[in-house]
Amino acid sequence: MKSTLRPLLASALVGAALLGGQAHAAGVDATKMLDLARSSGCLACHALDHAKVGPSYAEIARRYQGRPDAVHTLQQAILNGHSGTWGLVPMPAYGGSQDLLTAAQARDLARWVLSQAGARAAP
Ligand code: HEC
């Protein structure tokens, strides 16, 4: 019984962190994206709900909410790096010669970040 409850509890917690199942609205698997963000080192500089070295994903989602080019803009920032929008610290590039993420992975991460507008809980 315990072993069947554990994953349920874990997904309930993730669901709560995403406030009302926005995971599916983004069209990506939020648990997989959180794992990818963690294994890619994103969470060294970003948290869902508070600024670290970089802005929180909630803040990013709120800034780009309603912009039709939001997924593309954030995908490009992840692939090519970015600076100047949030402060003086640059965001490192993950695409191109770095070859750390594919364009599809960067797009899915962008979609996931954009689904975090209501994030309250730290990862
Ligand atoms: C070394 C620290 C660092 C790491 C690692 C990092 N970021 Fe960032 N990120 C930043 C900073 C700083 C900014 C703000 C850049 C700016 O002002 O334009 C930023 C900005 C962003 C933005 C917003 C870009 C924009 O155009 O407004 C997104 C989306 C983002 N990061 C996603 C990610 C993802 C996904 C990863 C992992 C694949 C990642 N970041 C890893 C520091 C980091």
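**Close-up 1. Helix 6 meets helix 7.** A helix axis here is a line fitted to C-alpha atoms over the stretch in contact, and the angle between two axes is taken between their N-to-C directions. In this predicted model, helix 6 (residues 70-80) packs with helix 7 (residues 103-114) at an angle of about 125°, and their axes are 8 Å apart. The crossing of helix 6 with helix 7 is right-handed.

**Close-up 2. The residues in the contact.** From helix 6, the contact uses Ala 70, Val 71, Leu 74, Gln 75, Ile 78 and Leu 79. Helix 7 contributes residues including Ala 103, Ala 106, Arg 107, Leu 109 and Ala 110. Sorted by class, the residues of this contact are 11 nonpolar, 1 polar and 2 charged.

**Close-up 3. The buried side of helix 6.** Take a look at Leu 74, Gln 75, Ile 78 and Leu 79, which are buried in helix 6. These residues lie on the same side of helix 6 because they cover an arc of only 135° around its axis. An α-helix has 3.6 residues a turn, so residues three or four places apart point the same way. The buried residues of helix 6 pack against helix 5 (57-64) as well as helix 7. Just past the end of helix 6, Gly 81 has a positive phi of about 80°.

**Close-up 4. Ala 104 and Gln 75.** Ala 104 belongs to helix 7. With 9 other C-beta atoms within 10 Å, Ala 104 is exposed. From C-alpha to C-alpha, Ala 104 and Gln 75 are 8.7 Å apart in space, though 29 residues apart in sequence.

Technical notes: Residues are numbered from 1 along each chain as its sequence is written. This is a predicted model: local features need pLDDT of at least 70, side-chain atom pairs count only at pLDDT 80 or more; totals for chains, interfaces and linings use all residues. Axes are lines fitted to C-alpha atoms, for helices over the stretch in contact, and angles run from 0 to 180 degrees between N-to-C directions. Helices (H or I, at least four residues) and strands (E, at least two) are DSSP runs, numbered from the N terminus. A crossing is left-handed if the near helix is turned anticlockwise from the far one by less than a right angle, and right-handed if clockwise. Two residues are in contact if their C-beta atoms, placed from the backbone, lie within 7 Å. Ala, Val, Leu, Ile, Met, Phe, Trp, Tyr, Cys and Pro count as nonpolar, Asp, Glu, Lys and Arg as charged, and the others, Gly among them, as polar. A residue is buried if 20 or more other C-beta atoms lie within 10 Å of its own, exposed if 12 or fewer, and partly exposed in between; C-beta atoms are placed from the backbone. The arc is that of the directions from the helix axis to the C-beta atoms.
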